Amino acid sequence: MQALLDALMVLLTFTNLRLLGLSRLNASIRTVAAQGVLLGLVALAAHAGHWSGRILLIAAVGIAVKGVAFPLLLFRALRAAKIRREVEPFVGYIPSVLAGVAAFLISLWVAARLPLPGRPASDLIVPTALSTMLVGLLVIVSRKKALSQAIGYLVFENGIYIFGVGVAYEAPALVEMGILLDVFVAVFVMGIIVFHISREFDSIDTTRLATLKE
Amino acid sequence: MNPLGLFAVAGSVLLAPLFLGVVNRTKAAFAGRAGQPLFQLYFDLAKAARKGAVYSRTATWVFRLAPLGSLAAALTALLLLPQGGFPAVLSFPGDFVALIFVLATARFLMVIASLDVGSSFEGMGASREVAFSALAEPVLLLCLAVAAREAGRGSLSGIIGSVTGGDWQRTGPALVLVAASLLAILLAENARIPVDDPNTHLELTMIHEVMILDHGGPDLALLLYGAALKLWILGALLTGLLLPGRTGSPLLDGLIFLAGMLVLAVVIGVIESTIARLRLHRVPQFLVGAGAFAVMALALIMR
């Protein structure tokens, strides 16, 4: 199981890097969808051998919401906004990828020093969770399109999810479901906002929002 | 010196063009064509070797040196490389750096030859080749450094074939990252899709093909053969690093190794059939991505 979990972590890291290097938004959304499915598998693999109803529920809801529902919502927003790609992000694609690697190295360093209540199922879970969060933050601050920022927010939440299923065994399912609901609402609202911004400004470039102030 | 390794060298010398044949047949199968014969490159080489060479008036001895020199470099690299159950003919600590150096020498000779011929077109190809290999080479070195660290040895004979099933359990993620990185470098260094298309003769897109445009006859044969050997060498490096376990019998190991190479050729064919060539300014990004994998693998190993 350890090997499978490690492989999933490598795949998650791969999706993170891919996300940082992509400019086309539909490819980004597909990458996030793949990440969502991987997360559900992580939840299953981390608790292999003692699957409870709670774990199965978390994994199933994770795959359904993060792997299917969010991408569909984002695709709908993408169609409404009529854009194809992120143009001229604040941080370019190659520096973003390098920053992603730096985030991974920092996460490895931090994870080795982080006191945890129990031993996680795999040594890679904590570094991957931390680096996924950092990559999410990076996407939020470095991209201009509202849709990219929503994707960054999702990736950030994915990091928390990995941390949750990998380390915090005792967290009540209700809390996890609550977080998931929050994110669901957030992405839903963002989809609507993206649509409205694009209708108002003919673009979903958030830097143009500054023109609101007279 | 290990004379047993000469068998492996002889095998590579004979089979390297066949490797390209398998790649081409895989691509043909994907496109629904019958494809060229498996041994097409052998026929091409024989045809080119029978012809005479034409030299430009601006070309000097540098131009004539390059095909021989790059082939000699590729053969030298083969001497350093253990394959299957056969040991390397020459083995010393740090020989993986020598391998990279020898391959770089071959590239250097080709680049100065393409500048020597005095065509601005070839100069452009040379500049592209150098620009991309400047990014690819450190990544290759990094990959081998990870493998050396993993094996705890400083020579290719220790590094290649030392991976066991246990290593896959323990450091699987790092090995997967190194493999992905090495595969990307293999595609870039050998001018395969998605970096360069070996079939195009369209001036805006090609890299490697530009540099050999003015070579003809036996020179072209040497260059084509050298390119096939280089693909074989990097492929053997990748296969050797990944295949776990040793049975002890060189013959059986050799067969396992050849099966691995066959799989690799099919994988390359599938990649070339399913992926489009990258735009030229996206290539550095591709190589930086490969470098990112190698750095992460190093971090995982050193942890």
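Predicted model: local features only at pLDDT ≥ 70, side-chain atom pairs only at ≥ 80, totals over all residues.

Visitor: How are helix 1 of chain A and helix 2 of chain A oriented to each other?

Guide: The axes of helix 1 and helix 2 of chain A lie 10 Å apart, and the packing angle is about 160°. Angles over 145 degrees belong to one class. Helix 1 and helix 2 of chain A are therefore roughly antiparallel.

Visitor: Which handedness does the crossing of helix 1 and helix 2 of chain A have, left-handed or right-handed?

Guide: Helix 1 of chain A contributes residues including A:Leu4, A:Leu8, A:Leu12 and A:Arg18 to the contact, while helix 2 of chain A contributes, among them, A:Ser28, A:Gln35, A:Leu38 and A:Val42. The residues of this contact comprise twelve nonpolar, four polar and one charged. The crossing of the two helices is left-handed.

Visitor: Is A:Gly36 buried or exposed?

Guide: A:Gly36 is placed in helix 2 of chain A, which covers residues 25–46. Beyond its neighbours within four places in sequence, A:Gly36 is in contact with A:Gly62, A:Ile63, A:Lys66, A:Gly67 and A:Phe70. The cut-off for burial is 20 or more other C-beta atoms within 10 Å. A:Gly36 has 23 such atoms within 10 Å, so A:Gly36 is buried.

Visitor: What is the C-alpha to C-alpha distance between A:Gly36 and A:Leu12?

Guide: A:Leu12 is one of the helix 1 residues in the contact with helix 2 of chain A, and A:Gly36 has its place in helix 2. The two residues are 24 positions apart in sequence, and their C-alpha atoms are separated in space by 9.4 Å.

Visitor: Which residues does A:Pro127 contact, leaving aside its neighbours within four places in sequence?

Guide: A:Pro127 has its place in helix 5 of chain A, residues 125–142. It counts as buried because 27 C-beta neighbours lie inside 10 Å. The C-alpha atom of A:Leu74, 53 residues away along the chain, is separated from that of A:Pro127 by 28 Å. Leaving sequence neighbours within four places aside, the contacts of A:Pro127 are A:Phe104, A:Ser107, A:Leu108 and A:Ala111.

Visitor: What is the radius of gyration of chain A?

Guide: Chain A has seven helices and zero strands, and its C-alpha atoms fill a box of roughly 55 × 35 × 30 Å along the principal axes. For 214 residues, a compact globule would have a radius of gyration near 17 Å; chain A agrees, with 17 Å.

Visitor: What share of the contacts in chain B with a separation of 6 or more joins residues 24 or more positions apart?

Guide: The secondary structure of chain B consists of eleven helices and zero strands. Its radius of gyration is 19 Å, close to the 19 Å of the globule rule for 303 residues, so chain B is as compact as a globular protein of that length. Of the 303 residues in chain B, 48% are buried. Among contacts with a separation of 6 or more, residues 24 or more positions apart account for 80%.

Visitor: Which element gives the most to the side of chain A that touches chain B?

Guide: The contact takes 18 residues from chain A and 14 residues from chain B. On the side of chain A, the elements giving two or more residues are helix 1 (2–21) and helix 4 (93–113). The residues on that side divide into 14 nonpolar, three polar and one charged. With nine residues, the element that gives the most is helix 4 of chain A.

Technical notes. Residues numbered from 1 in each chain as written. Chains lettered and ligands numbered in written order. Contact = placed C-beta atoms within 7 Å. Helix = DSSP H or I, 4+ residues; strand = E, 2+ residues; numbered from the N terminus. Nonpolar A, V, L, I, M, F, W, Y, C, P; charged D, E, K, R; others polar. Rg over C-alpha atoms; globule rule 2.2 N^0.38 Å. Buried ≥ 20, exposed ≤ 12 C-beta atoms within 10 Å, placed from the backbone. Axes fitted to C-alpha atoms, helices over the stretch in contact; angles between N-to-C directions. Parallel < 35°, antiparallel > 145°, perpendicular 65-115°, else oblique. Left-handed = near helix turned anticlockwise from the far one by under 90°.
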